[in-house]
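Biologist: Hi! I've got a protein model open on my screen and I'd like to find my way around it. Can we go through it together?

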Amino acid sequence: MPSPSLQCWARSSLSSFLSLPICNLRLLIVLFAFALPAAASASSPRAGTVCCKIAPPVGCHVRRVSVPGLDEPLAVFERDSLAEESNAFIRGQRSDPFGKVLWPAAWAAATALVLHAQSREGGLGDCCVVEAGAGLGLCSLTASKLKASRVIATDVSAETLRLLEAAATAQSLHIECQLWDFVAVPWRAPDGAAGAPELPGALGTVLVAADVLYSEELADALALRCAQACQRGGLAVVADSVGMYTERFTVALRSHAPDVAVDSTRILMPEWQAVAVAKADAARQYDAEVEVLRIGHGWDRH
């Protein structure tokens with residue numbers, strides 16, 4: 001349960017939150033979900049902040065993440081705190097900063113990629129993995145570690161992609177980083193202009209998205225992009241720990257691709273360590289539950 005001081009702060013601040021623009025209010029709800037759980041003394045068994053020889057950019061730390069099936073942990077460059085940036089976002093003074101920290105669905109989606117590689121002869125050697133809303137890019141780093149033939153990490157934030165690119169370079173992993181607002185910009189046709197990844201045209205293409213379903217617009221747009229990828233023979237894996245718009249995403253996906261196969265799995269992740277956001281002044285741990293959706297008819301063939 002949240003501490004008494006946090007509970008009092010939440011109650012006293014509720015009236016001011018309701019006056020926020022609706023897009024900021026939605027994201028603030030996400031902040032409550034991850035910032036209010038009480039801190040635990042033990043470190044997360046799956047992801048923790050540790051010292052290592054890789055030097056992160058100023059204002060960031062190295063977070064090493066153990067993904068089952070990989071021979072060593074992967075390192076992401078995570079912001080030390082989002083308190084100032086998220087408060088500025090709430091005031092409408094900056095863009096969404098939340099891709100600069102690691103969210104639990106990224107670990108679950110990365111694990112799904114490993115399982116997919118293990119089930120295929122040749123692993124991901126003939127696959128192109130596209131990560132939408134990559135953030136720190138754990139899924140992209142995992143795909144590169146698994147030796148996917150091509151890995152494209154996309155996000156709307158150039159700053160976030162720079163953190164990912166730096167982490168990949170430090171670990172000798174090759175990832176193509178590309179700005180892509182998948183809400184506003186469709187897949188690129190083979191002869192189309194730049195600005196988006198090319199529409200998949202082979203079974204080996206896998207679209208990955210983790211913890212991006214925190215608005216109606218994002219859920220609707222990602223459903224369309226997943227449907228389009230699967231209709232061209234690709235696959236998709238969408239993982240979500242927020243639970244606000246997962247059902248909306250699934251309904252929208254079915255509206256675009258009624259016959260597409262969808263397999264849902266829930267994963268409990270105890271003691272997930274979250275970076276401080278909003279007015280929370282310290283990192284906190286909580287038990288996260290992630291729903292993983294494997295989309296497309298190719299999963300069962302391997």
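Predicted model: local features only at pLDDT ≥ 70, side-chain atom pairs only at ≥ 80, totals over all residues.

Biologist: How many of the eight residues of helix α3 are buried?

Modeller: Helix α3 runs over residues 83-90 and is largely enclosed by the rest of the structure.

Biologist: Which residue just after α3 takes a positive phi?

Modeller: Look just past the end of the helix. The phi there is about 80°, and the residue is Gly-92.

Biologist: Let's zoom out. How many helices and strands does the protein have?

Modeller: The chain has 302 residues, and 53% of them count as buried. Among contacts with a separation of 6 or more, 65% link residues 24 or more positions apart. As for secondary structure, the total is eight helices and 10 strands.

Biologist: In which helix is the confidence lowest, and in which is it highest?

Modeller: Across the protein the mean pLDDT is 81, with 75% of residues at 70 or more. Over residues 1-52, though, pLDDT stays under 50. The lowest mean, 40, belongs to helix α1 (residues 4-17), and the highest, 98, to helix α5.

Biologist: I've clicked on Val-208. Is it buried or exposed?

Modeller: You're in strand β7 (residues 205-210) there. Beyond four places in sequence, Val-208 touches Ala-109, Leu-113, Val-129, Val-130, Glu-131, Ala-132, Cys-139 and Val-237. Its C-alpha is 8.8 Å from that of Gly-133, which is 75 residues away along the chain. Its relative accessibility is 0%, so Val-208 counts as buried.

Biologist: What about Ser-144: is that residue buried or exposed?

Modeller: Ser-144 sits in helix α5. Leaving out residues up to four places away, Ser-144 touches Val-151, Leu-173, His-174 and Ile-175. The cut-off for buried is under 20% relative accessible area. At 12%, Ser-144 is therefore buried.

Biologist: Now helix α8, please. Why are its buried residues said to be on the same side?

Modeller: The residues in question are Thr-246, Phe-249, Ala-252 and Leu-253. They share a side of α8 because around the axis they cover an arc of only 125°.

Biologist: Which exposed residues are on the face of α8 turned away from that buried side?

Modeller: The covering of the buried residues includes α7, β8, β9 and β10. The face turned away from the buried side carries Glu-247, Val-251 and Ser-255.

Biologist: How many bridges join strand β9 to β10?

Modeller: Strand β10 (residues 284-295) is mostly covered, with nine of its 12 residues buried. Strand β8 runs antiparallel to β10 and is joined to it by five bridges, and Ala-239 has Val-292 as its partner in β10. Strand β9 also runs antiparallel to β10, with Gln-273 paired to Gln-285. The bridges between β9 and β10 number 11.

Biologist: Last one, about the cysteines. How many disulfides are there?

Modeller: Take Cys-226, which is buried with a relative accessible area of 0%. The nearest cysteine sulfur to that of Cys-226 is in Cys-230, 6.4 Å away, while a disulfide needs the sulfur atoms within 2.5 Å. Cys-226 is in no disulfide, and for the model the count of disulfides is zero.

How values were computed:
Residues numbered from 1 in each chain as written. Heavy atoms only, no water. Buried < 20%, exposed > 50% of the residue type's maximum accessible area, 1.4 Å probe, protein only. Helix = DSSP H or I, 4+ residues; strand = E, 2+ residues; numbered from the N terminus. Pairing = 2+ DSSP bridges. pLDDT = per-residue confidence, 0-100. Contact = heavy atoms within 4.5 Å. Arc of directions from axis to C-beta.
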